[in-house]
Amino acid sequence: MTNDVNPQAADDSEPESEHGSEHGSEPEFDPSTFDPESVPVEDAELAAEVLDFWAATRQYAGMAKASVVVGHTVSETVPPQAWSFGDEPELAETLLAAVLAGDKTATSSALWDYDDEGVPLPLVGELSILLDGDRHPRALIRTTSVETTTFDEVDDDFAAAEGEDDRTLESWRAGHEAYFRRTLGEGREFSEDMPIVCERFELLYPKR
């Protein structure tokens, strides 16, 4: 469950973006080119933090200090998208802690969220900056696999990789059903056969 803050688009007219159901949505902006007077102060502060964090950590993605990445493409100006887990700060903190501890190496999302927002699915090799519950950058990850399945076809192995609760499939189903029921978009209803995007990732920074 994740909460997106995507620093890739420079135009305030761009639509909001969600990285998935574990990601909520925030206005997109390009921290290297946006007008600080046209966005909320917290976004300007976040943009600066993300840029500094990326400058300090991009070497862990195997990139030279002068190189910068945008999503799945290489650019000289923009860092990866930044987002936090869940739909509330407490959940963001809990799931980030699981990532930092090495317990969480996967995340799942409702495919409908991507469809409704008109944004692409995550791609293998894509980099992301994880934010904590207070919207500060804390980790750099890289997507290692992406698979679309249905809620009832998620297996024990993936549930354990999500690193939540007791890591069983039973608890995964209970927790994610509750999450999807409260966060799915207008006109969407939870069902056992709803399409789910299952994404696995590796932690690049901080090193464990």
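## Paired strands E4 and E6

Strands E4 and E6 run parallel and are joined by 3 bridges. This is a predicted model. E4 is mostly covered, with 5 of its 5 residues buried.

E4 spans residues 81-85, and E6 spans 127-131. Both strands meet the buried residues of helix H2. That helix comes next.

## Helix H2

Helix H2 covers residues 89-100, 12 residues in total. From first C-alpha to last, H2 reaches 16 Å, close to the 16 Å expected at 1.5 Å a residue. Its buried residues are Leu91, Ala92, Leu95, Leu96, Ala98 and Val99. They cover an arc of only 155° around the axis, which puts them on the same side of H2. The face turned away from that buried side carries the exposed residues Glu90 and Thr94.

What do the buried residues of H2 pack against? Their partners are strands E4, E6, E7 (137-150) and E8 (195-205), along with helix H5 (169-183). After H2 comes Gly102, with a positive phi near 85°.

## Helix H1

Helix H1 runs from residue 41 to 57 and has 17 residues. Its first and last C-alpha atoms are 24 Å apart, close to the 24 Å expected at 1.5 Å a residue. Asp43, Leu46, Ala47, Val50, Phe53, Trp54 and Thr57 are buried in H1. Seen down the axis, these buried residues fall within an arc of 135°, so they line one face of the helix. Val41 and Asp52 are exposed, on the face turned away from the buried side.

Thr57 belongs to H1. Is Thr57 buried or exposed? Its relative accessibility is 1%, so Thr57 counts as buried. Beyond its neighbours within four places in sequence, Thr57 is in contact with Leu140 and Tyr205.

The largest nonpolar core has 27 residues. Which of them touch the most other members? They are Phe85, Leu130, Phe151, Phe180, Leu184 and Met194. Several elements each supply at least two residues of this core: E4, H2, strand E5 (106-110), E7, helix H4 (156-162), H5 and E8.

Leu130 shows such packing in detail. Not counting residues up to four places away in sequence, Leu130 touches Trp83, Phe85, Leu96, Val99, His136, Pro137, Arg138, Ala139 and Ile141. Two of these names, Leu96 and Val99, are buried residues of H2. A second, separate core has 12 residues, including Leu46, Trp54, Leu127 and Leu140. Leu46 and Trp54 are also among the buried residues of H1. Leu140 is also a contact of Thr57.

## Arg173 in helix H5

Arg173 lies in helix H5. Its relative accessibility is 32%, so Arg173 counts as partly exposed. Which residues is Arg173 in contact with, leaving aside its neighbours within four places in sequence? They are Phe151, Asp152 and Val154. Phe151 is also one of the residues that touch the most other members of the largest core.

Arg173 and Ala159 are 14 residues apart in sequence. In space, their C-alpha atoms are 8.4 Å apart.

Note on methods. Residues numbered from 1 in each chain as written. Predicted model: local features only at pLDDT ≥ 70, side-chain atom pairs only at ≥ 80, totals over all residues. Heavy atoms only, no water. Helix = DSSP H or I, 4+ residues; strand = E, 2+ residues; numbered from the N terminus. Expected span 1.5 Å × (residues − 1). Buried < 20%, exposed > 50% of the residue type's maximum accessible area, 1.4 Å probe, protein only. Arc of directions from axis to C-beta. Contact = heavy atoms within 4.5 Å. Pairing = 2+ DSSP bridges. Core = buried A, V, L, I, M, F, W, Y, C linked by side-chain atoms within 4.5 Å.
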